[in-house]
Amino acid sequence: MPASYPLHLDVRGRAVLVVGGGPVAARRAHGLADAGAAVRVVAPWACEEITDDPRLALLRRAWTEADLDDVWLVHTATGDPGTDAAVAAAAEARRLWCVRADAAEASAAWTPGVVRRGDVTVSVTAGGDPRRALRLRGALAAALDSGSLPLRRTRPGAGHVALVGGGPGDPGLITTRGRALLAQADVVVVDRLAPRALLAELDPDVEVVEAGKAPHAHTLSQADIDALLVERARAGLRVVRLKGGDPYVLGRGGEEALACVAAGVTVEVVPGVTSAVAVPAAAGIPITHRGIARAFTVVSLHDAEVDWTSLAALDATLVLLMGVGRLAEAATCLIRAGRRSSTPVAVVEEGTTARQRTTLATLADVAAVAAARGVRSPAVVVVGDVVPLAEALGPSAAATPIVLAAHGSPDPRHAAVVRALVEDLRADGHDASVGWLDHEQPALCLAVSAAGPRAVVVPLLLADGHHARVDVAGAAGTARVAEVLVPDPGTPDERVLRVLHDRLRESGADAARGVVLAAAGSRGVAHAATCDGVAAALAARLGVPVRTAYASVSPSVADAVHGLRAAGVVGPLALAPLILAPGRLSDQVRSQAEAAGVSFLAEPLGRHPALRDLLLARARAAR
């Protein structure tokens with residue numbers, strides 16, 4: 001594609017013509033309408049995305065040259081190269097810019113991939129390669145959301161305040177919106193319990209104001225904080241009030257927001273992960289659990305008056321915040337009010353940080369146990385029968401060695417993906433390793449022996465079959481073997497579907513009218529049933545037909561494509577490999593798909609957070 005001159009257009013109120021009524025035309029029309037254009041769509045038929053949008057003026061007929069009268073810009077996406085070429089030629093004759101969706105190399109203008117975040121707009125083109133542009137767009141969007149790009153403005157503008165919940169302590173638990181606002185901030189007013197490690201990422205000239213409040217030791221009064229937020233915003237600065245947890249959960253966020261509103265200052269509230277839920281979870285304590293607790297109550301013991309009688313009567317998990325100094329009083333009062341003295345209690349200090357520590361006791365002895373261990377604030381106290389789950393789900397459970405059982409491949413790309421998943425588990429604190437059934441070392445039996453008798457083996461296989469039930473079990477020997485990744489053909493795991501959906505979306509397959517789900521292949525009935533179950537669930541999720549194909553047995557990808565066409569599927573198709581990593585098999589199904597005319601080729605599942613979560617879930621089930 002020749003070198004081009006990038007240009008953003010103000011199309012507000014200007015007439016724009018879209019020729020075509022399919023999903024691609026709908027995407028172009030929606031983007032133009034979002035930018036304020038007066039969009040006219042001309043097509044003999046139109047999809048629901050067009051007919052259901054009241055912003056679009058639809059003319060149900062073939063296009064004519066008269067449709068080009070009084071328009072500023074033309075998009076053509078009919079799916080018929082002859083029609084698209086005729087529209088482009090007529091536009092060229094009138095000196096109108098025309099975007100052809102069917103042939104970038106024959107187009108006079110191109111629609112880039114666009115990322116918008118607030119007042120920042122980034123456009124991406126990639127030499128006529130839309131899939132590469134989509135990947136770049138996704139990477140830029142992630143970088144903008146994470147605050148890793150320089151977002152601070154350099155020209156004066158209107159000031160505003162953002163009350164950002166920073167989460168319970170781990171800097172990774174702040175929301176992407178909160179992270180982006182921090183990257184734009186001119187002033188940061190920070191609490192004592194906010195994720196202070198994030199301050200190191202700020203530009204050197206960002207003003208950081210300490211507003212931390214320890215018991216009986218306030219750096220600034222609340223009135224001082226309110227006045228500071230208003231003053232800096234009125235001076236045209238972008239102010240972030242970085243708070244621990246959530247701004248509106250047992251904090252003063254509501255008062256700060258009201259102060260901004262009263263002063264006429266624009267204020268945004270960004271929710272955060274509250275420590276009342278996150279810290280117990282980090283300690284392995286689900287505050288609700290089927291058959292144990294259906295509700296929870298959060299109470300701040302910072303307040304002087306607590307209705308202990310009402311709390312003790314609740315059939316709920318109690319979460320006590322700011323309660324270390326009143327722990328003995330709380331335990332005594334709850335027992336007197338009717339809670340049994342043997343009720344389990346957990347005190348979790350500095351939750352979600354590297355210094356997290358959990359103390360387990362009962363109401364009868366928690367005060368003495370906590371004193372003996374030197375428990376200090378900040379800490380979250382959990383009272384209820386869910387507490388013992390920490391022994392199975394808490395961080396200590398990560399000490400159980402996990403051996404991933406992988407089949408292996410001569411292609412080094414396959415081993416690279418498997419080892420990357422192992423490294424992800426290790427980065428989360430798990431003792432993880434890999435054992436191979438073929439092609440790589442160490443062999444699975446040796447890896448299990450090295451991991452020790454407490455190891456669990458998790459097959460890194462995507463469908464039930466001989467490898468999972470015979471090879472893995474035999475090689476693992478006396479080690480306890482976990483279930484395979486897709487344990488029941490009738491109910492495919494949601495995490496596998498999520499990865500498949502993400503890989504399809506990354507390939508640009510939103511316009512696909514059918515999907516070929518391609519697996520490696522096996523003659524086992526269980527393997528085919530699992531793959532068919534995944535195909536059915538994926539079809540329900542995407543709303544388009546999905547056919548199963550295999551790299552090494554029938555039906556092939558070409559067979560699946562033929563089946564979709566015979567069933568009346570018209571339009572572009574997509575390939576979704578139910579294959580873990582690049583290699584011979586993934587190359588084989590990709591080559592078959594290209595030969596069969598498949599338009600969108602998704603990548604193998606690869607390194608994805610959902611797969612890591614699935615591996616951990618299987619390891620816990622095995623334990």
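Which element gives the most to the lining of the largest cavity? I found that α10 does, with four residues. This is a predicted model, in which local features need pLDDT of at least 70 and side-chain atom pairs count only at pLDDT 80 or more, while totals for chains, interfaces and linings use all residues. Residues are numbered from 1 along each chain as its sequence is written, and side-chain values use heavy atoms, with hydrogens and water left out.

**Entry 1, the cavity.** I searched the whole structure and noted one cavity of 30 Å³ or more (a set of points, on a 1 Å grid over the protein atoms alone, where a 1.4 Å probe fits but cannot get out; lining residues have an atom within 4 Å of a point). The largest cavity holds about 30 Å³ of space, the volume being that filled by probe spheres set on the points. Among its lining residues I listed L320, L327, A330 and V383. Two or more lining residues come from each of α10 (327-336) and β19 (379-383). I counted ten nonpolar residues in the lining, no polar and no charged (Ala, Val, Leu, Ile, Met, Phe, Trp, Tyr, Cys and Pro count as nonpolar).

**Entry 2, the strands.** Helices (H or I, at least four residues) and strands (E, at least two) are DSSP runs, and two strands pair if DSSP finds at least two bridges between them. I saw that β1 (residues 15-19) runs parallel to β2 (residues 38-42), joined by five bridges, and that L17 has R40 in β2 as its bridge partner. Three bridges pair β2 with β3 (residues 57-59), also in the parallel sense, where V42 stands opposite L59.

Key. On a 1 Å grid over the protein atoms alone, a cavity is a set of points where a 1.4 Å probe fits but cannot get out, and a pocket is an open set with protein on both sides within 12 Å along at least five of seven lines; lining residues have an atom within 4 Å of a point.
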